[in-house]
Structure formats: structure tokens, C-alpha cells
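Thanks for passing this one along. Here are a few notes from my read, to go through with the model open beside you.

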Amino acid sequence: MSEKTIQEEIQTIIPDLFPKLEPEFDWELVKNFYEFLKRDNEKGGFFSRNDSEKILERHIIESLIFVWKLKVTGYVSRETNVADVGTGPGLPGFLFALLKKAPHVFLVDSQKRKLALLETEIETGSLSKVKKRVDFIYARTEEISSNFDVVTSRAMVPYPYIAEVTTRMVKQKGILCPFLAQPYQDLEKETEVLSNNGFFMKKEIPIPELEFVGKRHIKILQKNSLPKKGFPRDWKEIVKETKSKNG
């Protein structure tokens, strides 16, 4: 019996949603990325043992849906410059580069161990087709000053402090789109951190399609002004506050 294609595997897991995803992505590239993650997982230390058995559900499908949501809601197009911070081996940000109408993608991580393996795969391996639309930035997020239209992140820094760490990267009227699990309960603290760093909450996009892996949602945070005086603070200060906040 022949092996299932990646489309068939994904369709088995999300049968109702798959027809909406199918026309959007280059599936040969999705398959090559999945193969790369499995092959280099041990070398790069991409996933925990528990997660490495569920790369397709927990990482590929989750990231595909995140990317698809931002595209169909009109936040990402071919003209967009997207930066994904704390991307590791390219999750979720690299999946933007696998759209048929892909934006320009910047993958940001201060650690080379995971991301450099993806860079090699793009330079000389099975993902070379995306070479012109992907750039790599090896730097700490809080040290990058840039003008990205969209900045994304999946669990790099606890929410809402991700807004403080990335504020210099997001252009005026640009957006920060953290990909989150549980709803954030301290609304007063959320408002304070966002406004100190020039953001306001434009929208929250629930992702009921991912309930099979748990609650997921995307916040759309628009940068409307420069941060207040004294922000963003030194990284050590932010860490201190996130630790006291999380006990």
C-alpha cells in the first residue's frame, strides 16, 4: 500500500478545515519542511521527546492554521514583511514562506543551534525554492530596531511582555501577533504593558479549529505610537517582572 501524502495525513486530522488550507500552500515544500524537522530534530534539539512524536499535529498543523488565519483575515499578503521572533527551527514563521502567495519572511533567533540548520536546508537542501523570500537574523529580539509590518511569536516571552520586547521592531501602524494558548486574565496589567509600549488591542482571533490540541488564539496588537519614556526597559527588568508575575 502506498504511503499517504502529507495532504492526506493532514486531511485525516482536520477533515473539515483542510479544503480551505489546500489551495493556499505549496504542499511539496510543506512536506520537505516536515521531513527536515523529523530528520534534524535530534541534531538541533527542536522538540522534547513527547513532542517529537507529534510534530505534524503540534507544530506543522498548528503553524499552518496560524499562518492561514492571518492571511485570510487580511493581515498578511505578498507585500508584507513578516518577522517571527524566537523562531527556533522556523515555527511558526517559516510556514509564511510556504504560502503560494508568500510574504517576505525574516526568521529571528539569538540561538544558532536550531535556526542555522534551517538556513542550511534553504541554502543547499530541499527548501531552496524559498531562498529569495527568507532572511535570517541571529540577534536578541530586544536589540533589534527595524520596521516590520507584522511581528509574530509563539511562546517566546510571556504575554503581554512580548509587546515590550518587540516594540522597536514593529513599525508605526504595524502589528504584533502573538500566538497564544490560555486567555490572559490580568486585564489591567495587559492594558498597562501594551500602552507603555505603544500598542493597543485591535482584535482577538479565536482558533476553534485547533481545539484538538487545546485552546489557541491570536491577538492583533497595533502599534499606534512610540513607547512611553523609559520603555522598553532593560531585559533584566522585564525578566524580573515576568518572574514575579508568574510566581
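1. First, the ground rules. This is a predicted model, where local features need pLDDT of at least 70, side-chain atom pairs count only at pLDDT 80 or more, and totals for chains, interfaces and linings use all residues. Residues are numbered from 1 along each chain as its sequence is written, and side-chain values use heavy atoms, with hydrogens and water left out.

2. Strand E1 covers residues 81-85, and four of its five residues are buried (under 20% relative accessible area, with a 1.4 Å probe and protein chains only). Strands here are DSSP runs of E with at least two residues, and helices are runs of H or I with at least four, numbered from the N terminus.

3. E1 runs parallel to strand E2 (residues 104-108), joined by five bridges; pairing requires that DSSP finds at least two bridges. Ala83 has Phe106 as its bridge partner in E2. E1 also runs parallel to E4 (residues 148-154), through four bridges, and there Val82 stands opposite Val150.

4. Do look at Glu24, in the loop between helix H2 (18-21) and helix H3 (27-44). Glu24 counts as buried because its relative accessibility is 18%. Its side chain makes a polar contact with that of Lys71 at 3.0 Å (N or O atoms within 3.5 Å, one able to donate a hydrogen and the other to accept it; residues adjacent in sequence count only if both atoms are side-chain atoms). Leaving aside residues up to four places away in sequence, Glu24 touches Trp68, Lys71, Val72, Leu98, Leu99 and Lys100 (heavy atoms within 4.5 Å).

Notes. Buried < 20%, exposed > 50% of the residue type's maximum accessible area, 1.4 Å probe, protein only.
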